[in-house]
Structure formats: structure tokens, C-alpha cells
Amino acid sequence: MQNTVTPTHCPYCALQCGMNLTPAPDGSVAVSERTDFPVNRGALCGKGRTAPELLAREVRLTSPLVRGGDGTLVPASWDDALDRIAEGLGRTRAAYGPDAVGVFGGGGLTNEKAYSLGKFARVVLGTSQIDYNGRFCMSSAAAAGIRAFGLDRGLPFPLEDVPRSGCVILVGSNPAETMPPSLRYFTELRENGGTLIVVDPRRTRTAEQADLHLAPRPGTDLALALGLLHLVIAEGRVDEEYVAARTTGWEEARAAAMAHWPEYVERITGVPVPRLRETVRLFCEPESAMVLTARGPEQQSKGTDTVGAWINLCLATGRPGRPRSGYGCLTGQGNGQGGREHGQKADQLPGYRKLDDPAARAHVAGVWGVDPDSLPGPGRSAYELLDALGTDIRSLLLMASNPVVSAPRAAHVEERIRSLDFLAVCDVVLSETAALADVVLPVTQWAEETGTTTNLEGRVLLRRRAVAPPEGVRSDLEVLGELAVRLGVEKGFPADPEEVFEELRRASAGGPADYSGITYRRLAEEDGVFWPCPAEPPAPDGSRDALLGAPRPADDPAGRAAGSRPQAPAGETAGAHPGTPRLFLDRFATADGRARFVPVTHRAIAEEPDEEYPLLLTTGRVVAQYQSGAQTRRVAELNAAAPGPFVEMHPRLAARLGAAEGDPVAVVSRRGRAVAPARITATIRPDTVFMPFHWPGEGRANTLTNPALDPTSRMPEFKACAVRLEVVRP
């Protein structure tokens with residue numbers, strides 16, 4: 001395999017940037033540009049460039065570990081480790097019932113792994129208690145999208161449409177740091193004469209590129225969107241023809257928006273009325289415009305309604321389903337899109353089917369060869385599952401997640417994990433959560449295995465194996481198969497990823513996220529395939545495709561987006577369904593084909609500042625680290641660029657506190673205390689402090705965050721909670 005160039009994809013964010021990997025004789029792996037992949041066109045950020053450093057034996061796990069008699073983790077054989085896991089899970093199930101066993105997955109798992117993990121939980125363990133860390137990322141946008149459009153796919157159009165739009169409102173997203181190769185799309189937007197508006201309480205690197213920056217108080221994005229819709233109505237900018245032809249529920253949504261007049265919204269958000277009016281003008285005047293949201297408005301206890309308000313703004317102005325226009329969510333994790341489609345969510349079956357739908361249960365049970373009545377019902381959401389550890393849930397199997405660092409109210413979650421009767425973790429490195437386990441299994445990572453992921457556009461991609469894993473390391477699929485046998489299920493859990501994908505195709509067939517027309521061969525021949533892609537070719541009358549919007553030729557006379565041509569068929573793909581790069585061109589995925597306005601009104605965050613906790617904390621990422629940092633904190637170049645946490649504050653706040661740059665500052669909330677150096681900058685609101693969440697220990701930002709949940713998505717409120725600051729004196 002040495003000196004062989006393997007085209008594949010980055011292991012980190014949802015762009016899934018294309019890259020080439022070349023193993024060297026000394027065991028290192030070189031990364032080079034893959035300019036033919038359309039999403040990143042060769043560009044890579046520092047995380048992508050340095051990703052092969054995690055393939056080295058010295059930074060990762062290469063042997064199973066078990067908890068020894070002295071309480072430490074010690075190396076063990078694979079048979080011993082697997083036997084202990086089967087015994088631990090089986091003992092709990094026998095003593096307390098199947099729902100006393102929990103399963104927790106991750107948005108970084110491939111589609112094959114996410115599918116097999118959900119099947120394992122429901123068929124082998126018989127438990128309803130499965131969810132994953134993606135609940136903490138895109139769940140509010142997903143819920144709002146389903147409510148409005150009947151379907152959740154992060155972006156209903158390719159990224160190539162962004163620079164062709166007339167205006168983009170980017171809400172609570174900082175792609176300059178979270179997915180740097182995507183920033184070129186926004187740069188090109190402005191070069192093409194379009195306008196970029198950024199909504200963020202901080203003047204981030206992305207906001208620096210904007211034509212207009214709105215800096216609302218954290219947790220007030222809902223009021224901001226309603227105020228903009230009020231102005232759209234008051235200024236006569238509603239697309240009445242579109243609203244009448246393609247939507248329902250307008251009158252109720254209109255009435256709700258009219259209760260949010262500009263001066264009222266300014267008092268709530270801090271955004272001046274002239275800026276609200278300028279935003280409406282810039283958004284409404286071009287022929288095309290779009291709103292893109294990310295974690296800022298979504299990670300709130302009202303995140304579903306907040307995203308819904310931005311969708312209402314798009315619908316009222318006639319944007320969704322039109323060229324270079326609409327609403328989209330910038331998914332975060334590497335397989336955050338695919339990870340929420342194929343069964344590792346608490347309420348979900350493969351193909352984005354609902355677990356409480358009898359027809360969905362019957363279809364998937366038929367593929368799995370089990371009785372539909374044997375499948376458990378929906379279980380707890382991610383935080384609720386973690387909160388129940390040690391009480392209702394006594395044992396946990398965890399894959400590809402590090403909730404000790406990434407979960408809200410993290411000290412409490414760590415305490416619950418420590419109280420388990422049994423914990424097994426599958427991971428590449430010894431994360432902070434893995435360090436608490438009874439058994440830790442070393443598993444393969446991105447460059448050592450083949451599998452599929454689905455990027456933020458809904459583009460299904462093939463990650464190819466480029467190098468062999470170290471001796472002593474196995475894949476998650478092998479682990480699930482071995483555990484299934486030990487727990488009494490002899491068949492149904494193959495280790496070959498393509499075999500798993502073939503079953504996933506059958507299980508997803510006819511579902512909202514239909515992959516049945518996608519094969520490994522197609523993915524190898526094309527630049528990915530956009531779902532839905534049913535096995536049958538497009539119907540002559542367009543009946544299936546009309547539901548979501550069939551691909552159209554470039555510059556279609558019916559006014560569809562340029563560049564929406566199907567991928568060129570080749571080999572086995574001749575005559576096959578081409579996939580669906582653009583959704584909703586003719587109909588929305590609802591029973592009547594119309595989008596739904598949902599009336600929403602502003603409400604406060606769950607925990608407003610008061611005399612004891614007078615400030616707001618918001619959290620986020622920095623460019624050199626990723627998620628809980630379990631992997632990126634092991635890369636020297638990335639650690640040199642971002643060595644630890646910090647507390648970002650405005651100079652006026654620092655002066656009141658008596659803090660200087662670099663002084664240790666304690667941030668205190670009702671849930672705990674975190675300490676990190678002060679970083680003083682005028683790019684943040686004076687009433688707000690910011691902490692990145694990539695580190696454990698005393699600087700762990702999620703010690704502070706509020707687990708108050710959105711009633712629909714069950715998303716915790718990471719983005720706003722009340723805190724106070726204290727300078728830590730020597």
C-alpha cells in the first residue's frame with residue numbers, strides 16, 4: 001500500500017473535505033490536495049492537514065483495557081475484554097430489564113456504524129435507551145425543518161448555490177473557525193455582488209467579512225427573526241403569490257409576528273431599529289436570498305421555535321424551493337447528517353423513519369428478520385439518558401463520544417457516569433470518558449477503514465481505507481458483531497462495511513432519507529450522491545421526484561437553479577436515479593406539498609441574569625480544536641495554536657472586574673465553576689462572556705452550561721446561561 005495515493009475525506013467537520021492520502025515507508029501518511037472534489041476544491045484547514053498524526057501508535061489506543069483489581073486500567077486480550085462487556089451488559093439486562101442498558105453513539109460514526117449500533121441496541125439488547133451526541137448539535141434545526149417542510153436535510157441545496165445568491169443571512173455560525181474551507185463560498189458571494197449579513201453576539205472572524213453584523217444579546221435570536229418578519233409585513237415585502245400557492249398557516253404566523261414591533265425587538269435584542277430595517281432591505285431586494293443557521297440559534301431551550309421563526313421569514317419572502325434561495329442548517333459533526341438518519345437516535349429507524357410508525361416498524365423489522373412487536377419504542381433523549389445513568393440505566397455502551405467534556409452540566413454528567421454499574425467505551429484514544437470505563441476497546445479510525453458519511457449538503461460520500469490499522473485494533477463493526485454473538489444473536493452483524501451498507505439501502509428504501517439507489521460503486525465513480533436517491537429511476541410523470549424536486553438541467557426554463565444537473569450516469573448508474581441535489585423545487589415533503597408556517601412568539605431563555613449572576617455566558621469553538629478535543633488536543637501543531645481555554649470579555653467588563661489580559665478568572669454558574677485566563681477584546685458584547693468548550697479540568701466550559709431542554713428537539717441550552725466572574729488572586 002506504500003506510495004499508493006488514496007482519495008478520501010477528512011475525519012472532522014460536516015464539509016467532509018476531499019483529500020489524498022499517501023503512506024510513506026517510515027509509516028507516516030502524507031496529505032495532499034484533492035482539487036477535483038467540489039466541496040473544498042483542494043483547500044484544507046489545519047485540522048485536516050494534521051489528521052494523520054492521530055494514526056501514530058504513540059497517540060492512540062492499540063490494546064483493549066480492563067479495570068484491574070487495583071482500580072486501574074490494564075491491557076487485556078480481545079476475548080477477555082469482549083467477554084467482560086457481554087457479561088456486564090447481559091447481567092444488567094437479566095437483573096433489571098433491557099431498558100436498564102443504555103447505548104450512546106456519536107455524530108462521527110460512519111453511516112454503517114450508526115446503522116449497526118441502532119440495530120444492535122434494538123435487536124440484540126432490546127433496549128429503547130439509545131441516543132447520540134448529535135442531539136447536542138443539529139436537533140433543533142432538524143425538528144423545525146420537519147415541522148415546516150416535512151423533511152430534514154441540513155442544506156436543501158449544494159454549497160455551490162451560496163455564492164450565486166443575492167443575500168445570505170448567517171445566524172449563529174462562525175465558519176471561518178469551525179469549517180474554514182467553506183469561507184470561500186461567502187467570500188465569493190460578496191465578490192459576485194451579493195451581501196453577507198452575520199448574526200452573532202461576538203464580532204468573529206466570519207463577522208469581520210460581513211457587509212452587516214448584528215450582535216444580539218445571546219438567546220434573543222427568536223425575537224430578532226420575528227422583528228424582521230414584522231418589518232417585512234409592515235413594509236409590504238411579503239411574496240403574497242408564493243405564500244398563497246406554496247404554504248399554509250400564514251395568518252396565524254403573521255399575527256404572531258405583528259406582536260413584535262421594531263422598538264420592542266430592539267429592547268430585547270439590543271439590535272438598533274435602523275439595522276433591522278437595513279437587514280430587511282438587503283434580504284428582500286435581491287431576486288434570491290437564503291438564511292443559514294448553526295448552533296447559535298439552535299442550542300437553546302427554544303431552539304426549534306427560533307429556527308422556525310427564521311424559516312417563517314424565508315417563507316414569507318418566497319425563498320424556499322427557488323433558485324439559489326431558501327433555508328439551510330450548517331451541520332457540524334463529520335457525519336452529523338447521516339448520523340441522524342439511520343437509527344442511533346432515540347425515536348428513529350433507518351431511512352429517517354419514525355420508531356412509533358407501524359408501517360416503518362414493519363418495513364425495518366422485515367429487513368432485520370424480526371417481529372415488529374419485538375422492537376422497543378422511543379427512548380430518552382441524549383441529556384435525559386445521561387441524567388438517568390446509575391439509576392434507571394445501570395450499564396452503558398458508548399461509542400465515539402466524550403460526554404464528560406461535551407455534555408451540558410458536565411460535572412453532574414461525570415458523576416452519573418461514575419455511578420454506573422458497568423461502562424464500556426469504544427474509541428480511538430483514551431478520552432476523559434473512556435478513562436472512567438470498566439472496559440475500553442481500541443477501534444479503527446477514518447483512514448484505516450472504508451465507510452460512508454453524509455455531508456452537510458446531504459451528499460453521501462465514500463471514505464476509503466488508505467492504511468492498515470495497528471495490530472490489536474479492530475473496527476466498531478467487528479465489535480458489534482462479536483458482542484452480538486456473545487449475547488445470543490449469531491447473524492445480522494457483518495464486519496464488512498459494504499455488506500452493512502447494502503442492508504442499510506434496503507432498510508432506508510421508501511423512507512424520507514432513501515439511500516436505496518446508492519452503491520459503493522456509484523460513490524467511487526461520482527463526487528458523492530445526494531439523497532433521496534431511490535433504487536428506481538425517475539418516474540416519467542415525475543411523481544416521486546416532484547415531491548422533493550427532481551434534478552433539472554442547468555438554466556432550466558422553469559426557473560430552477562443553474563447547476564442542478566444530475567451526475568452523469570456511468571457504468572451501473574446508467575438509467576439510475578441521479579440523486580437530488582436540490583429539494584422542494586416543485587413541492588415540499590408534506591401531504592399536500594405545501595410548507596407550513598408555524599406561529600411562534602418570543603420567550604426568555606431558561607436562566608436570565610440576575611443580581612447574583614449578572615452576565616451571560618455563551619460557548620463555542622476555536623479554529624485549532626474540534627468538539628471535546630479528545631483527538632485534536634493530541635496534535636502538537638494544533639495545541640501550539642490553541643493550548644487551552646480562555647474567558648473572552650469586553651474591556652469595560654474587565655475594567656469593572658479589575659482583570660488584566662491573562663489573569664485567571666473564575667466563571668461561576670448555578671452548576672459549577674470554571675477557571676481560565678482572561679482574553680480581553682472589544683469584539684464581544686459588554687454583558688456577555690465567551691468560553692470555548694474543548695478542554696476538561698478546571699477550564700471545562702460545560703461545567704457551567706444549562707441542561708434546560710427544548711420541548712420539541714430536547715436540545716440543551718448551551719448558548720446562554722447566567723454567570724458571574726471572579727478574579728482568582730494568588
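Predicted model: local features only at pLDDT ≥ 70, side-chain atom pairs only at ≥ 80, totals over all residues.
1. A salt bridge here is a side-chain nitrogen of Lys or Arg within 4 Å of a carboxyl oxygen of Asp or Glu.

2. Elsewhere, salt bridges with shared partners build one network out of Asp79, Asp83, Glu482 and Arg486. The total for the structure is 49 salt bridges.

3. I'd have a look at Asp476 and Lys113, whose side chains form a salt bridge at 2.9 Å, N to O. Asp476 sits in helix H19 (residues 476–486) and Lys113 in helix H3 (residues 111–125), so this contact ties together parts that are 363 residues apart in sequence. Buried or exposed, Asp476 and Lys113? Both are buried.

4. Another one to check is Asp421 with Arg394, a side-chain salt bridge at 3.2 Å, N to O. It also links distant parts of the chain, here 27 residues apart. Asp421 is in the loop between helix H18 (410–418) and strand S17 (422–427), while Arg394 is in the loop between helix H16 (382–387) and strand S16 (395–399). With a relative accessibility of 39%, Asp421 counts as partly exposed.

5. On to the aromatics: there are twelve aromatic pairs in the structure. In one of them, the ring centres of Tyr12 and Tyr626 are 5.2 Å apart and the planes are at 65 degrees, so we call this pair edge-to-face. This pair brings together distant parts of the chain, 614 residues apart: Tyr12 comes from the loop between strand S1 (6–9) and strand S2 (18–23), and Tyr626 from the loop between strand S23 (615–620) and helix H23 (636–641). Tyr12 and Tyr626 are both buried.

6. Phe149 and Phe584 make a tilted aromatic pair, with 5.3 Å centre to centre and 35 degrees between the planes. Distant parts of the chain are linked here as well: Phe149 belongs to helix H4 (residues 139–149) and Phe584 to the loop between helix H22 (543–548) and strand S22 (595–596), 435 residues apart. Both of these Phe residues are buried. Which residues form one aromatic cluster? Phe149, Phe584 and Phe588 do.

7. Now the cavities. Searching the whole structure turns up eight of 30 Å³ or more. The second largest cavity holds about 110 Å³ of space. Its lining comes to 17 residues, and those nearest the centre are Phe157, Gly321, Arg322, Ser325 and Leu583. Sorted by class, the lining of this second largest cavity is ten nonpolar, three polar and four charged residues.

8. Last, a bit of sheet. Strands S19, S20 and S21 form an open sheet in the order S19-S20-S21, with antiparallel pairing. Strand S19 (451–454) and strand S21 (529–530) are the edges, each pairing on one side only. How many bridges pair S19 with strand S20 (residues 459–463)? The two run antiparallel over four bridges. To get your bearings in that pairing, find Gly451, which stands opposite Arg463 in S20.

Note on methods. Residues numbered from 1 in each chain as written. Heavy atoms only, no water. Buried < 20%, exposed > 50% of the residue type's maximum accessible area, 1.4 Å probe, protein only. 1 Å grid on protein atoms, 1.4 Å probe; cavity = no way out; pocket = protein on both sides within 12 Å on 5 of 7 lines; lining within 4 Å. Points joined across faces, edges and corners; volume = space filled by probe spheres on them. Nonpolar A, V, L, I, M, F, W, Y, C, P; charged D, E, K, R; others polar. Pairing = 2+ DSSP bridges. Phe/Tyr/Trp six-rings, centres within 6.5 Å; stacked < 30°, edge-to-face > 60°.
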